[in-house]
Amino acid sequence: MEKESRVIAGILLITYPTVIIGGVGLLSLLVFDHQYAANPLRQDFWRAGHAHAGVFLLLSLVVLRYVDDAALSAGWKWLVRLGAPIAAILLPVAFFLSMLSPTATQPSWLVYLAYVGAVLLALALFVLGVGLLRRSS
């Protein structure tokens with residue numbers, strides 16, 4: 001693993017406990033905050049935000065394991081290295097911040113950040129896949 005990938009992996013592993021703390025926070029809201037429990041749409045968005053954060057951070061670590069073996073230029077490698085972690089930020093932020101108000105009945109415009117993150121993640125994964133196939137041939 002190249003130094004750049006190791007540094008990013010270290011940062012991701014250090015930040016992963018924030019997802020764990022967030023899960024405990026969501027559980028506390030569900031158990032102790034009746035206002036949170038009264039808005040099912042907000043619960044769904046926040047649950048989705050938390051789940052996407054955990055899964056995409058894990059996917060980011062997997063991507064880092066493979067990016068250095070791919071036949072990609074340095075610029076494409078950086079897109080792949082940073083694409084998945086940035087998506088792991090953008091999607092949860094979209095879910096959380098678009099439903100900040102306890103009485104919200106629809107998401108705010110910030111929900112569109114999820115689409116930006118999804119496109120970025122799809123691009124990073126596609127580029128990585130192509131780079132790995134190029135390397136194997």
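Predicted model: local features only at pLDDT ≥ 70, side-chain atom pairs only at ≥ 80, totals over all residues.
**Helix α4.** I then looked for bends. α4 has a kink of about 30 degrees at G83, shortly before the proline P85.

**Aromatic pairs.** I found 4 aromatic pairs in the structure. One of them joins F45 and F95, edge-to-face, at 5.7 Å centre to centre and 75 degrees between the planes. This pair links distant parts of the chain, with F45 in helix α3 and F95 in helix α4, 50 residues apart. I looked up burial next. F45 is buried at a relative accessible area of 14%. F95 is buried too, at 16%.

I turned to W46 and F96. Their ring centres are 5.9 Å apart and the planes stand at 85 degrees, so I note this pair as edge-to-face. W46 sits in helix α3 and F96 in helix α4, so the pair ties together parts 50 residues apart in sequence. W46 counts as buried, at 12% relative accessibility. F96 counts as partly exposed, at 26%.

**Largest pocket.** I read its volume as about 280 Å³. The lining comprises 16 residues, and T18, V19, A53, L57 and A88 lie nearest the centre. Which helices each supply at least two residues of the lining? I noted α1 (3-32), α3 (40-67) and α4 (74-97). I sorted the lining by class: 12 nonpolar, 4 polar and no charged residues.

Technical notes:
Residues numbered from 1 in each chain as written. Heavy atoms only, no water. 1 Å grid on protein atoms, 1.4 Å probe; cavity = no way out; pocket = protein on both sides within 12 Å on 5 of 7 lines; lining within 4 Å. Points joined across faces, edges and corners; volume = space filled by probe spheres on them. Helix = DSSP H or I, 4+ residues; strand = E, 2+ residues; numbered from the N terminus. Nonpolar A, V, L, I, M, F, W, Y, C, P; charged D, E, K, R; others polar. Bend = angle between axes of the 7 residues up to and from the residue. Phe/Tyr/Trp six-rings, centres within 6.5 Å; stacked < 30°, edge-to-face > 60°. Buried < 20%, exposed > 50% of the residue type's maximum accessible area, 1.4 Å probe, protein only.
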